[in-house]
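Welcome! Have a look at the model below, and then we can walk through a few of its features together.

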Amino acid sequence: MLLPTVLTGCGGYQDTLNPHSHAAGDITNLFWVMMAVAFGGLALVTGLLVFAWVRRGRRGIGADADGPHPGEKPAWFVVLGMGVVFPLTVVVALFIVSDWAIVKVTQAPAASSTAMTVKAVGHQWYWAFRYPGTKAVTADELHIPVDTRVNLVATTADVIHSFWVPELNRKIDTIPGQENRILLYANQADVYRGQCAEYCGLQHAHMGMLVFAQPKAEFRKWLRQQAAPAAAPKTGIERQGQDVFLNGACSSCHAIRGTSAHGYVGPDLTHLASRTMLAGLTIPNTPDYLARWITDSQHFKPGNKMPDIQLSRAQLHALVAYLGSLK
Ligand code: CUA
């Protein structure tokens, strides 16, 4: 019965033991060292227990009642050695190793050693990513160039969250009124899943993120496109959808750059259609799911701050068409 529970941790997705950066590699090594020491300790203690049990069994119960036999070490020697000196040595050694591996290797990078800065802002319950120096803002899907040292600055819009992409580095908490930094680096072009790692309310578990590590030229192209204002609606139905958005409730919470919508409660939707997932990776970004999210977001993420928007079928259809055009 335990096996399926344990085995669900296996797999190549959001895997701490599949590192793709120097820092994550050191964290993985530390895990294996600690695992080996823990198993060594377990084997030693179990071995001594079995040894004592067998010896005692051979001599008979109560054989040691009159103290140690000649040539035998007294009990206090064993208690002091195995109960104090040995564990202390192991724990201190592990502390030094983990300090060296985790604190030194994963500490915030010197700003001069990084090629670019990305700001991650935790919200209940999504991640906003900003690229200082450009107007680009995205949600839940962060793009970075591969083999590049990125200075990630983590802050929060409300409560404490924790930015964590296990394959790239350790966790970094977002503390109100404070900026925390960490190095974000990926040695392979791939998509890495991350997760908010600090309980932050009802939908904490639905606060996932994706990091797309892209070849440098591809990343620059992406950033240019994200920094641009939203595309103007091209068809009649898209124009209707834009009217629904700008004149209805949507624009009071969401921004679409290049329009009069400047809301900042919910994610920036300027290039919504370029994202693969919605709502903190809860549902895929398809017209069908988008429509269901707009009309009944509480079904997917109970407690989230988006009210259910009352729209006619025609309005919803137009709104989804407009949002789908925001590449
Ligand atoms: Cu944000 Cu947990």
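Predicted model: local features only at pLDDT ≥ 70, side-chain atom pairs only at ≥ 80, totals over all residues.

Residues are numbered from 1 along each chain as its sequence is written, and side-chain values use heavy atoms, leaving out hydrogens and water.

**Salt bridges**

- How many salt bridges does the structure hold? There are three, where a salt bridge is a side-chain nitrogen of Lys or Arg within 4 Å of a carboxyl oxygen of Asp or Glu.
- Lysine 119 pairs with glutamate 179, and their closest N and O atoms are 3.8 Å apart. Lysine 119 sits in strand S1 (residues 116-123) and glutamate 179 in the loop between strand S7 (172-174) and S8, so this pair ties together parts that are 60 residues apart in sequence.
- Helices (H or I, at least four residues) and strands (E, at least two) are DSSP runs, numbered from the N terminus.
- Arginine 257 and aspartate 268 form a salt bridge through their side chains, at 3.6 Å from N to O. Both residues lie in the loop between helix H6 (250-253) and strand S11 (277-278), so the pair ties together parts that are 11 residues apart in sequence.
- Are these two buried or exposed? Arginine 257 is buried, with a relative accessible area of 16%, and aspartate 268 is buried too, at 11%.
- Arginine 292 meets aspartate 288 in a salt bridge, with 3.9 Å between the closest N and O atoms. Both lie in helix H7 (residues 287-300), four residues apart, which is about one turn of the helix.
- Arginine 292 is partly exposed at 38% relative accessible area, and aspartate 288 is partly exposed at 47%.

**The sheet**

- Strands of a sheet pair through backbone hydrogen bonds, either parallel or antiparallel.
- In this model, five strands make an open sheet with mixed pairing, in the order S3-S2-S1-S5-S8. Two strands count as paired if DSSP finds at least two bridges between them.
- Strands S3 (137-139) and S8 (180-184) stand at the edges with a single partner strand each, so one side of each has no neighbour in the sheet.
- Strand S5 (residues 150-156) pairs with S8 in the antiparallel sense, over five bridges. Within this pairing, valine 150 has leucine 184 in S8 as its bridge partner.

Technical notes. Buried < 20%, exposed > 50% of the residue type's maximum accessible area, 1.4 Å probe, protein only.
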